[in-house]
Amino acid sequence: MTDAELLRADAFPIESATVRGFTMRFVHVGIGGFPLLLIHGWPETKRIWHRNIAPLAAAGFEVIAPDLRGFGDSDVPADGFFDLAAHARDLRALVTDVLGHRRLVVAGGDLGGGILQDLGMRFPGFVARQVIFNAPLPYLREEHRGLRTRPPLEAADYYMRQGTGADSLLAELATEGERREYIASFYGHRFWASPGAFTSAAVDFFTEPFADRAKLRAGWGNYESALGTRPLSEPPYWGKNQIPTLILFGPDDHVIYPDFDHMAARVFTEHIGPFVIRDCGHFLQWEKAEVLNQSLRYFCADLLSAR
């Protein structure tokens, strides 16, 4: 599919399911293949996976790409929780209770990478393998000693405002255009992505879901949860992780830890890589889609051949 075809909300069929009291919407293709859950981050929706869905389904995966609670086409839940545990339990319910799968592969970056860590550790045996890139990681004092474990300070303003002053920030973004322009900055001049990675048409497509005032505000809930200004549904599972993991890293990212690759190698005790993907930043699944698609196919070749 061309990018012109992919930059459409209806590029793939969207299904709906009631999950833990709210409606979750998700792309679901390649039914009968090995289940693969693609977890988006912030400021993303399931649309960020549009370059991955068809190639991964063709490779033999049953691709499940949801909008997380409060994002995109999914509802904002009444319980008001947006922490890792809430997201992980939602996804477990979708994959197991709705779709009937007991074991799967998971891939994610940013918030999605945090959620996949909780998901696999919270439900032992559920995640067979996982792929992580440019995502939050637990800080391991001894193992991470001497590494660059703090994101650049100049990139942290958004984090603090969304986590500690979300209502005042929302008041400043009074129109749909202002809200979309705010989100567009993360695909552009904030240098999360490699320069030139996103066309204006792509930015328009990815920012459109965040024009909705309630959805934009809900998306900041994960920052409030992390900074302690919003209650947690329950404590996260967070620490060393023994699930077989493929670690990828887009180094042009100006918001994640400079030594993400070295840090991740110490968090995931059973890992392949880390592999540094040049000319790539935070949004690896879009910026270097072909790398992620091929990596998943090779990393899971035995699982795919067994179907």
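Just after helix 3, Gly 100 takes a positive phi of about 80°, where helices (H or I, at least four residues) and strands (E, at least two) are DSSP runs numbered from the N terminus. The model is a predicted one, in which local features need pLDDT of at least 70 and side-chain atom pairs count only at pLDDT 80 or more, while totals for chains, interfaces and linings use all residues. Residues are numbered from 1 along each chain as its sequence is written, and side-chain values use heavy atoms, with hydrogens and water left out.

**Helix 3**

- Helix 3 has 15 residues and reaches 20 Å from its first C-alpha to its last, close to the 21 Å expected at 1.5 Å a residue, the expected span being 1.5 Å times one less than the number of residues.
- At the N-terminal end, Asp 83 caps helix 3, with a side-chain oxygen 3.3 Å from the backbone nitrogen of Ala 85.
- Among the buried residues of helix 3 are Leu 84, His 87, Asp 90, Leu 91 and Thr 96.
- The cover over these buried residues includes strand 1 (14-19), strand 5 (104-109) and helix 4 (111-122), where contact means heavy atoms within 4.5 Å.

**Aromatic pairs**

- There are 24 aromatic pairs, counted by the rule that rings of Phe, Tyr and Trp (its six-membered ring) pair if their centres lie within 6.5 Å, with planes under 30 degrees apart counted as stacked, over 60 as edge-to-face and the rest as tilted.
- Phe 71 and Phe 210 are an edge-to-face pair, because their ring centres are 6.4 Å apart and their planes stand at 85°.
- Phe 71 lies in the loop between strand 4 (61-66) and helix 3 (84-98), and Phe 210 in the loop between helix 8 (200-207) and helix 9 (213-219), so the pair ties together parts that are 139 residues apart in sequence.
- Phe 71 counts as buried at 2% relative accessibility, and Phe 210 counts as buried at 2% as well.
- Tyr 187 and Phe 206 form a stacked pair, at 5.7 Å centre to centre with 10° between the planes.

**Charges over rings**

- Arg 129 lies over the face of Phe 299, at 5.9 Å from the ring centre.

Technical notes: Buried < 20%, exposed > 50% of the residue type's maximum accessible area, 1.4 Å probe, protein only. Lys NZ or Arg CZ within 6 Å of the ring centre and 35° of its normal. Polar contact = N/O pair within 3.5 Å; in protein donor to acceptor, adjacent residues only side chain to side chain.
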